[in-house]
Amino acid sequence: MADVNRGNRPLSPHLQIYRPQLTSITSILTRITGNALILAGLMVTWWFVALAAGPEAFATADAFLTSWFGKLVFLGSIWALWYHTLAGIRHLIWDAGYLLEVDQAEQLGWGIIIASVCLTLFTVVVL
Amino acid sequence: MAYLTDRKRVSGLGSAGAGTAHHWHQTLLSAALVVLVPLFLFTFGAIIGAPYEEVVAYYTRPWPALIALLTLTVGWVHFAKGVQVLIEDYVGGLARKMAIIATTCLSYAAALACVYALIRLAL
């Protein structure tokens with residue numbers, strides 16, 4: 001029953017056909033930010049394991065995390081974390097059945113972009 | 001002879017064959033992370049860069065340790081489930097299975113490494 005007409009169905013046009021839209025860009029960014037957080041996740045995990053292992057291991061991990069490269073990764077990851085968190089909240093709102101109209105979804109899209117940048121600046125200033 | 005009707009067989013399962021279980025679990029984890037992520041960001045951010053003894057003392061305290069424990073375990077499981085969807089969208093066949101196994105093992109290993117580290121610090 002599931003195999004009826006397999007291989008002879010119209011195909012949906014894909015990314016190269018569609019004009020980029022705010023809703024599609026914010027969706028793709030959600031995926032990119034979520035998966036890119038693996039880098040910061042592994043760095044933080046290494047830092048905690050090194051902390052438990054002792055002063056020498058901690059010194060190595062801490063030096064890497066607080067180096068210019070580590071700080072650059074963390075700066076990007078702070079934005080990614082805020083963006084992904086806000087985008088996740090947006091999904092929870094949608095799943096509850098609210099703000100699904102196109103104009104509302106686009107306003108929400110601009111909302112999470114602007115809020116993620118503001119929260120990143122706030123985090124960097126506070127920390 | 002099959003006693004199940006076609007509708008009964010497909011009901012609630014969808015194209016993934018597992019229904020909405022994955023999505024629902026991810027929803028649960030994401031709701032928890034909405035609370036945990038800001039707490040972790042500011043407790044972890046406040047101590048990183050401090051000397052070793054100070055950091056050890058900080059993470060033997062219950063609240064910073066519990067926030068780190070919960071965020072890193074829930075976060076890594078959420079990551080494992082999220083990256084699984086990414087792989088399923090772009091990779092097929094044996095490579096898909098291998099990639100899902102590798103990323104799932106990595107995520108759970110990282111989560112439990114954090115748990116082990118924090119328990120050692122607490123004891």
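In the predicted model shown above, the contact between the two chains takes 25 residues from chain A and 29 residues from chain B, where two residues are in contact if their C-beta atoms, placed from the backbone, lie within 7 Å. On the side of chain A that touches chain B, the elements giving two or more residues are α1 (22-36), α2 (38-53), α3 (55-65) and α4 (68-95). The largest share, eight residues, belongs to α2(A). By residue type, this side of chain A holds 15 nonpolar, eight polar and two charged residues; Ala, Val, Leu, Ile, Met, Phe, Trp, Tyr, Cys and Pro count as nonpolar, Asp, Glu, Lys and Arg as charged, and the others, Gly among them, as polar.

Residues are numbered from 1 along each chain as its sequence is written, while chains are lettered from A and ligands numbered from 1 in the order in which they are written. Because this is a predicted model, local features need pLDDT of at least 70 and side-chain atom pairs count only at pLDDT 80 or more, whereas totals for chains, interfaces and linings use all residues.

The predictor assigns the complex an ipTM of 0.88 and a pTM of 0.88. For chain B the average pLDDT (the predictor's confidence in each residue, from 0 to 100) is 92, and 96% of the residues score at least 70.

Turning to the fold of chain A, there are five helices and zero strands, with helices (H or I, at least four residues) and strands (E, at least two) taken as DSSP runs numbered from the N terminus. The radius of gyration of chain A, taken over C-alpha atoms, is 20 Å. This is well over the 14 Å that the globule rule (2.2 Å times the number of residues to the power 0.38) gives for 127 residues, so chain A is more spread out than a compact globule. Its C-alpha trace spans about 65 × 35 × 30 Å along the principal axes.

Two leucines deserve a visit. A:L99 sits in the loop between α4 and α5 (102-126) of chain A and has a phi near 55 degrees, a positive value in a residue other than glycine. B:L86, in helix α4 (residues 62-90) of chain B, is partly exposed, with 16 other C-beta atoms within 10 Å. Leaving aside neighbours within four places in sequence, B:L86 is in contact with A:R31 and A:N35.

Notes:
A residue is buried if 20 or more other C-beta atoms lie within 10 Å of its own, exposed if 12 or fewer, and partly exposed in between; C-beta atoms are placed from the backbone.
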